[in-house]
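Subject: Model handover and findings

Hello,

Here is the model we discussed. Please open it alongside this note; the findings follow below.

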Amino acid sequence: MKDRVFIEDLKIETIIGIFGWEREVKQEVNIILEMEFNIDKAGKTDQIEDALDYKKISKAVIALVEKSSFFLVEKMATEVAKLVLKNKKIDSVMVTASKPGALRGSKSVGVKIFREN
């Protein structure tokens, strides 16, 4: 198994959905990222410049999702993956994108996608 850096439960308010009311009211979405990144150098040097800047990644994902108005979580997840993979140090990413409370009786619904550089 390769090294992974993760960001878990990134909660973002955005316009998302296909129904009329969903186009008018911001809803909370939840993003989880698992990024394949070789941490060997950072593990040896203990230097921040050799690590993955997960704060910068999370800020970029928040900015993308907050300003978006996707109809589908599938599209949102795809765009988040494209954004993350712009960092060529990241070999692949697993994006979980969900809408808590979107389905009565369910904690959350969403998608999980895997993309590679």
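Start with strand 2, which is mostly covered: seven of its 10 residues are buried. Buried means under 20% relative accessible area, exposed means over 50%, and partly exposed is in between (1.4 Å probe, protein chains only). Helices (H or I, at least four residues) and strands (E, at least two) are DSSP runs, numbered from the N terminus.

Some ground rules. This is a predicted model, so local features need pLDDT of at least 70 and side-chain atom pairs count only at pLDDT 80 or more, while totals for chains, interfaces and linings use all residues. Residues are numbered from 1 along each chain as its sequence is written, and side-chain values use heavy atoms, with hydrogens and water left out.

Overall layout

The chain has three helices and four strands. Along the sequence they follow the pattern β-β-α-α-α-β-β. The C-alpha trace spans about 50 × 25 × 20 Å along its principal axes. Of the 117 residues, 38% count as buried. Contact means heavy atoms within 4.5 Å. Among contacts with a separation of 6 or more, 58% come from residues 24 or more positions apart.

The four strands form an open antiparallel sheet in the order 1-2-3-4. Two strands pair if DSSP finds at least two bridges between them. Strand 1 (4-14) and strand 4 (108-116) are the edges, each pairing on one side only. Neighbouring strands are turned by 15° against each other on average, direction ignored. Axes here are lines fitted to C-alpha atoms, for helices over the stretch in contact, and angles run from 0 to 180 degrees between N-to-C directions.

The pairings, one by one:

- Strand 1 and strand 2 run antiparallel and are joined by nine bridges. Phe-6 has Glu-34 as its bridge partner in strand 2.
- Strand 2 and strand 3 run antiparallel, with seven bridges. Asn-30 has Ser-98 as its bridge partner in strand 3.
- Strand 3 (residues 92-100) and strand 4 run antiparallel, with nine bridges. Ser-98 has Gly-110 as its bridge partner in strand 4.

Ser-92 is also in strand 3. Is Ser-92 buried or exposed? It counts as buried because its relative accessibility is 2%. Leaving out residues up to four places away in sequence, Ser-92 touches Glu-34, Met-35, Glu-36, Leu-85, Phe-114, Arg-115 and Glu-116.

The helices

Helix 2 lies across strand 1 and strand 2 (27-36), and runs at about 30° to strand 1. Two packed helices are described by the angle between their axes and the distance between the axes. For helix 2 and helix 3 (residues 73-84), the axes come within 10 Å and cross at roughly 145°. Helix 2 contributes Ile-57, Ala-60, Val-61, Leu-64 and Val-65 to the contact, and helix 3 contributes Met-76, Glu-79, Val-80, Leu-83 and Val-84. By class, that contact has nine nonpolar, no polar and one charged residues. Ala, Val, Leu, Ile, Met, Phe, Trp, Tyr, Cys and Pro count as nonpolar, Asp, Glu, Lys and Arg as charged, and the others, Gly among them, as polar.

The core

A nonpolar core is a set of buried Ala, Val, Leu, Ile, Met, Phe, Trp, Tyr and Cys residues joined through side-chain atoms within 4.5 Å. The largest one has 29 residues. Those with the most contacts inside it are Leu-33, Met-35, Ile-57, Val-61, Met-76, Val-80 and Val-84. Strand 1, strand 2, helix 2, helix 3, strand 3 and strand 4 each supply at least two residues. Helix 3 gives the largest share, six residues. Val-80 touches Leu-33, Val-61, Leu-64, Val-65 and Val-95, not counting residues up to four places away in sequence.

Two more residues

Lys-67 lies in helix 2 (residues 54-67). It counts as exposed because its relative accessibility is 68%. Its C-alpha is 8.3 Å from that of Ile-15, 52 residues apart along the chain.

Asp-50 lies in the loop between helix 1 (40-45) and helix 2. Asp-50 is buried, with a relative accessible area of 15%. Beyond its neighbours within four places in sequence, Asp-50 is in contact with Phe-37, Lys-41, Ala-42 and Thr-45. The C-alpha atoms of Asp-50 and Glu-13 are separated by 32 Å, at 37 residues apart along the chain.

Best wishes
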